[in-house]
Amino acid sequence: MSSCNTGSITGRIVSDVAIRYPKDSRVSITEFRIQPDDAPEGASAIPVIAYNGVGEGIHKLRNQGDLVTLTTHVEYNTWRTEDGEPRGRHQIVVGYCHCHTLGKISARKRAEEQLQQQPKKVVKAPKEVATVS
């Protein structure tokens, strides 16, 4: 991959992080949208895609509202419709994701997970002592 085809985006995840596993494929595809920090008011969010381990990690750990920096590259994919017409589109592919700040959803989720992982304290009742008179 050439260095002129790489870049980074810093912004908030503004959609659900969705993962899918296409039929007859060993590839996982994770898709979401990011709104860059410096985007003008009313600008559209940028759709991005991540494959396999990178995407699975993002799906597991990241949520809407998280502030992230994505290292990306651009791919151009082509295919044919059922009618045989050629189609194509550019995709921004994530190679690395660094989280700066957790959004409300991630912070709440992480707090719930920590509560579930804490060992439960067992309180033992004091033993009764028999007195002999």
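Reader: How many disulfides does a search of the whole structure find?

Author: The search finds 0 disulfides. Please note that this is a predicted model. Cys97 takes part in no disulfide, and the nearest cysteine sulfur, that of Cys99, lies 6.7 Å away.

Reader: Which residues does Thr69 touch?

Author: Leaving out residues up to four places away in sequence, Thr69 touches Ser8, Ile9, Thr10, Tyr96, Cys97, His98 and His100. Cys97, the residue discussed above, is therefore one of the contacts of Thr69 under the cut-off of 4.5 Å between heavy atoms.

Reader: Where is Thr69 found, and which side chain joins that of Thr69 in a polar contact?

Author: Thr69 belongs to strand β5, which covers residues 67-80. The side chain of Thr69 is joined to that of Thr10 by a polar contact of 2.8 Å.

Reader: Is Thr69 buried or exposed?

Author: Thr69 counts as buried, because its relative accessibility is 17% and the limit for that class is under 20%.

Reader: Changing topic, how many helices and strands are in the chain?

Author: The chain holds 2 helices and 6 strands. Starting from the N terminus, the order of the elements is β-β-β-β-α-β-β-α.

Reader: What share of the residues counts as buried?

Author: Of the 133 residues in the chain, 24% count as buried. The accessible surface of the chain comes to about 10,200 Å², and carbon and sulfur atoms account for 51% of that surface.

Reader: And what share of the contacts joins residues at least 24 apart?

Author: The figure is 58%, taken among contacts in the chain between residues at least 6 apart in sequence.

Reader: Next, what is the phi of Asp24, and where is that residue placed?

Author: Phi of Asp24 is near 55°, a positive value in a residue other than glycine. Asp24 sits in the loop between β2 (18-20) and β3 (29-36).

Reader: Is Asp24 buried or exposed?

Author: Asp24 is exposed, since its relative accessible area is 84% and the class begins over 50%.

Reader: What about the phi of Asn52?

Author: Asn52 is not a glycine either, yet it has a positive phi of about 50°. Asn52 lies in helix α1, which spans residues 52-61. With a relative accessibility of 34%, Asn52 counts as partly exposed.

Key
Residues are numbered from 1 along each chain as its sequence is written. This is a predicted model: local features need pLDDT of at least 70, side-chain atom pairs count only at pLDDT 80 or more; totals for chains, interfaces and linings use all residues. Side-chain values use heavy atoms; hydrogens and water are left out. Helices (H or I, at least four residues) and strands (E, at least two) are DSSP runs, numbered from the N terminus. Buried means under 20% relative accessible area, exposed over 50%, partly exposed in between (1.4 Å probe, protein chains only). A polar contact is a pair of N or O atoms within 3.5 Å; within protein, one must be able to donate a hydrogen and the other to accept it, and residues adjacent in sequence count only if both atoms are side-chain atoms. A disulfide is a pair of cysteine sulfur atoms within 2.5 Å. Accessible areas come from the Shrake-Rupley method with a 1.4 Å probe; for residues, only the protein chains shown count as cover.
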